[in-house]
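Dear colleague,

Please find below the structure that I am handing over to you. My notes on what was found in it follow directly after.

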Amino acid sequence: MNKKTLVLGASLKPNRYSNYAIQRLVANNIETVAFGLKEGKVTGIKIDTELRNYENIYSVTLYLNPKRQTEYYDYIVSLKPKRVIFNPGTENPEFYEILKKNNIEFEAACTLVLLSTNQY
């Protein structure tokens, strides 16, 4: 099954969870795309600094605090992902309601834990 994932809030800094998530997604052979503030590569995955109309996104995994998420609501919904993962610190009840109205699943979970326990 295709589980193509968009890492939103990707960082080039190796000590950031978003960076480690990209590494773990790639290690698990999950097609990965990334968006962040600084262009570069993590484990061969290019971090885009402009929003792209990615196709066939299964999951969007968020690494942005709730205040920073608001500008991406419409964008994320437009991608029509199967689910949005709210990593620790990104939980956002306002966005949950928008996702519900658009029939997009969401979960407050840690991408790294989901991957390490084969629940991704």
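This is a predicted model: local features need pLDDT of at least 70, side-chain atom pairs count only at pLDDT 80 or more; totals for chains, interfaces and linings use all residues.

Which residues of helix α1 are buried? In this helix, which spans residues 17–27, they are S18, N19, A21, I22 and L25. These residues lie on the same side of α1, because they cover an arc of only 160° around the axis. After α1 comes N29, which has a positive phi, near 60°.

**The nonpolar cores**

The largest nonpolar core consists of 21 residues. Within this core, the residues with the most contacts are L6, L8, V60, L62, I76, V84 and F95. At least two core residues come from each of β1, β2, β5 (59–62), α3 (73–79), β6 (83–86) and α4 (93–101). Helix α3 gives the most, namely 5 residues.

F95 deserves a separate look. What does F95 touch, if neighbours within four places in sequence are left aside? Its contacts are then L62, Q69, Y73, I76, V77 and F86.

**The strands around β5**

Strand β5 pairs with β1 and also with β6. β1 and β5 run parallel and are joined by 4 bridges, with L6 opposite V60 of β5. The pairing of β5 with β6 is likewise parallel, over 4 bridges; here T61 has I85 of β6 as its bridge partner.

In which directions do the residues of β5 point? S59 and T61 point one way, V60 and L62 the other way, and all of them are buried.

**Aromatic residues**

There are 6 aromatic pairs in the structure. Another pair, Y96 and F106, is stacked, at 4.6 Å centre to centre and with 10° between the planes. This pair links distant parts of the chain, since Y96 belongs to helix α4 and F106 to strand β7 (residues 105–108), 10 residues apart.

Elsewhere, R83 lies over the face of Y120, at 4.5 Å from the ring centre.

**Residues with a positive phi**

Most residues other than glycine have a negative phi. N56 has a positive value, near 55°, and is located in the loop between β4 and β5. With a relative accessible area of 60%, N56 is exposed. K80 also has a positive phi, near 55°. K80 is found in the loop between α3 and β6 and is exposed, with a relative accessible area of 67%.

**Two partly exposed residues**

N2 is placed in the segment before β1. Its relative accessibility is 39%, so N2 counts as partly exposed. Which residues does N2 touch, not counting those up to four places away in sequence? They are E31, N56 and Y58. N2 and P93 are 91 residues apart in sequence, and their C-alpha atoms are 28 Å apart in space.

E97 is a residue of helix α4. E97 likewise counts as partly exposed, because its relative accessibility is 39%. Between E97 and N87 there are 10 residues of separation in sequence and 17 Å in space, C-alpha to C-alpha.

With kind regards

Note on methods
Residues are numbered from 1 along each chain as its sequence is written. Side-chain values use heavy atoms; hydrogens and water are left out. Buried means under 20% relative accessible area, exposed over 50%, partly exposed in between (1.4 Å probe, protein chains only). The arc is that of the directions from the helix axis to the C-beta atoms. A nonpolar core is a set of buried Ala, Val, Leu, Ile, Met, Phe, Trp, Tyr and Cys residues joined through side-chain atoms within 4.5 Å. Contact means heavy atoms within 4.5 Å. Rings of Phe, Tyr and Trp (its six-membered ring) pair if their centres lie within 6.5 Å; planes under 30 degrees apart count as stacked, over 60 as edge-to-face and the rest as tilted. A charge sits over a ring if NZ of Lys or CZ of Arg is within 6 Å of the ring centre and within 35 degrees of the ring normal. Two strands pair if DSSP finds at least two bridges between them.
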